[in-house]
Protein chains: 2
Amino acid sequence: MSLLVVGSVAYDSIKTPFGEEKRALGGSATYFSLAASFFTAPALVAVVGEDFLADDEKLFSDHGIDISGLQRAAGKTFAWGGEYSFDLNSRTSLFTELNVFENFKPILLPAHKEAEYVFLANIHPSLQKEVLTQIKKPRLVGLDTMNYWIENAPHELAEILKLVNVLVINDSEARELTKEHNLLKAAKKILAMMPAEESTLIIKRGEYGLLMLSQAFPKSEDSKDNMTIFNLPGYPLEDVVDPTGAGDSFAGGLFGYLAQTHNISWENLKKACVAGSIMGSFCVEKMGTKRLVNLTRDEIEERIKNFKKLTHFEA
Amino acid sequence: MSLLVVGSVAYDSIKTPFGEEKRALGGSATYFSLAASFFTAPALVAVVGEDFLADDEKLFSDHGIDISGLQRAAGKTFAWGGEYSFDLNSRTSLFTELNVFENFKPILLPAHKEAEYVFLANIHPSLQKEVLTQIKKPRLVGLDTMNYWIENAPHELAEILKLVNVLVINDSEARELTKEHNLLKAAKKILAMMPAEESTLIIKRGEYGLLMLSQAFPKSEDSKDNMTIFNLPGYPLEDVVDPTGAGDSFAGGLFGYLAQTHNISWENLKKACVAGSIMGSFCVEKMGTKRLVNLTRDEIEERIKNFKKLTHFEA
């Protein structure tokens with residue numbers, strides 16, 4: 001086991017202009033580990049309630065996901081309901097029932113403390129730190145967060161950022177965290193909050209792709225203004241049905257690829273971003289996890305190849 | 001003379017959060033030809049009034065732009081005033097004084113009728129057609145338009161689209177023209193309005209780059225769903241001061257590069273998009289045309305090289 005993710009496992013009720021799902025398996029750790037499972041065998045640390053279905057447990061196992069760290073607690077599984085706007089660009093939370101998540105204490109099994117690749121999905125920064133301090137010798141630590149923690153737990157977030165190598169956030173979060181509209185300016189401020197010389201920031205821009213910016217590769221050819229930058233457009237899609245989990249699937253593809261290849265060079269981080277983007281692109285094509293759970297490795301390979309064709313140019 | 005542009009030459013009064021200009025040289029043909037002048041010697045067809053300054057005329061000549069087609073008319077030069085929002089993503093027109101532009105009749109000089117590369121910048125579709133019918137044997141015809149013509153001259157626009165090889169519009173225009181939110185779906189509908197097997201559509205997405213989609217290269221390796229696609233992110237910039245003219249500078253770089261290299265293969269169209277994007281990226285760094293008029297060929301080459309580094313990956 002070399003990749004560990006801590007995050008949420010939830011039952012999502014989602015409404016988009018193209019479909020509706022009630023109590024479908026969701027949560028950041030779910031999307032992350034499903035996406036990562038195409039590259040490596042991830043281990044998941046999360047909590048579920050007494051209502052968690054055996055079928056959903058089996059789904060994880062069928063994908064080679066280690067759920068020995070999936071705690072069972074008295075009560076109900078975390079449940080979330082949301083509705084998307086016509087163009088899928090904004091969503092409204094209809095309800096958020098923390099349930100068993102409210103008292104979640106992530107206690108790692110001995111095997112999980114040996115993880116080399118660790119991803120702290122979007123949960124309270126204090127919980128993220130509790131997990132991280134239990135890991136003996138992490139090789140690469142990734143983190144996701146959200147506006148809610150930027151606003152409500154800024155000090156705890158600042159603390160954990162000092163321990164993170166790869167921060168994965170979206171553009172509005174990068175702007176809110178720094179009060180800078182320009183993403184390059186925001187990126188410089190965020191990288192300054194992370195470990196000097198060892199930090200990489202990935203700013204997700206939804207359908208527009210991502211910017212990866214790093215202080216960790218000062219000698220790279222791509223370096224500019226002391227930041228090394230990679231700019232990847234979004235994979236163009238004709239049918240986008242449900243954006244839920246796209247960001248977590250991206251992170252799962254990213255870290256799954258890194259754990260599989262065991263290589264954190266700049267060139268390989270770029271490839272990992274491509275793998276992550278492709279996993280996000282599949283995720284949104286059907287409601288919930290429906291596309292991910294039926295995906296094949298061949299489809300992934302084909303789309304990665306196609307992505308390269310779509311974006312490469314000589315100059 | 002192989003590249004001809006017809007469009008507007010104007011005096012722009014621009015206010016952005018970062019600066020203000022009054023009666024600065026602007027207009028679609030101005031930005032287009034300045035950007036194109038770094039690659040080839042374009043000819044400009046437009047109209048100005050009695051107030052047009054000798055210094056501005058000299059500026060064109062100093063950049064090797066053929067202004068023998070710049071008509072003089074009694075009255076004032078077209079004047080436009082606009083103000084941008086804080087994030088530069090939206091702008092309000094403060095005034096639009098058509099002046100001499102109102103009665104503009106583009107009559108081409110004999111030399112200009114021989115043009116091989118023709119760009120019909122954003123003016124009334126009927127005027128665009130009047131120009132195009134005077135060209136004897138165009139090799140490649142490009143066109144820009146805007147929401148105003150989509151709403152107010154849809155039939156004339158549909159007519160000219162049947163004669164255009166390269167349509168350059170932005171994402172909101174593509175959506176409005178087709179009533180399709182998804183850009184791939186919109187692109188299919190737009191390409192169907194253009195000459196079969198000979199049409200390419202470039203959808204500009206502002207800071208997010210562009211999508212180029214074509215029916216003209218069915219045998220290309222990049223082909224997918226009968227469309228050949230190229231996806232280029234925006235060049236990341238730290239200082240964006242004034243977006244005015246970015247789209248016209250893109251088109252000028254695109255067609256300037258194509259006219260210079262005299263090659264309309266798919267691979268070369270991609271390179272031309274890169275050249276165009278780079279010209280747009282320079283344009284927005286200073287108010288009005290200030291960055292373009294002082295640009296050097298070396299700066300362009302360096303940024304193109306850097307753009308490749310920023311975007312390429314192995315997979």
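Me: Which residues of helix 3 of chain B meet helix 5 of chain B?
Reply: P125(B), S126(B), Q128(B) and K129(B) do, and their partners in helix 5 of chain B are E156(B), L157(B), E159(B) and I160(B). Keep in mind that this is a predicted model.

Me: What classes of residue make up that contact of helix 3 with helix 5 of chain B?
Reply: Three are nonpolar, two are polar and three are charged.

Me: At what angle do the axes of helix 3 and helix 5 of chain B cross?
Reply: At roughly 30°, and the axes come within 8 Å. Angles under 35 degrees count as roughly parallel, so helix 3 and helix 5 of chain B are roughly parallel to each other.

Me: Is the crossing of helix 3 and helix 5 of chain B left-handed or right-handed?
Reply: Helix 3 of chain B passes helix 5 of chain B in a left-handed crossing.

Me: Now chain A. Why is strand 10 of chain A largely enclosed?
Reply: Because four of the five residues of strand 10 (residues 166–170) of chain A are buried, the rest of the structure largely encloses it.

Me: What does strand 10 of chain A pair with?
Reply: It pairs in the parallel sense with strand 9 (residues 140–144) of chain A over three bridges. It also pairs in the parallel sense with strand 11 (residues 200–204) of chain A, over five bridges. L167(A) of strand 10 stands opposite L143(A), and V168(A) stands opposite I202(A) in strand 11.

Me: Last one. How many residues of chain B are in contact with chain A?
Reply: 34 residues of chain B are in contact with 34 residues of chain A. Helix 11 of chain B gives the most to the side that touches chain A, with eight residues. The residues on that side of chain B divide into 14 nonpolar, seven polar and 13 charged.

How values were computed
Residues numbered from 1 in each chain as written. Chains lettered and ligands numbered in written order. Predicted model: local features only at pLDDT ≥ 70, side-chain atom pairs only at ≥ 80, totals over all residues. Buried ≥ 20, exposed ≤ 12 C-beta atoms within 10 Å, placed from the backbone. Helix = DSSP H or I, 4+ residues; strand = E, 2+ residues; numbered from the N terminus. Pairing = 2+ DSSP bridges. Contact = placed C-beta atoms within 7 Å. Nonpolar A, V, L, I, M, F, W, Y, C, P; charged D, E, K, R; others polar. Axes fitted to C-alpha atoms, helices over the stretch in contact; angles between N-to-C directions. Parallel < 35°, antiparallel > 145°, perpendicular 65-115°, else oblique. Left-handed = near helix turned anticlockwise from the far one by under 90°.
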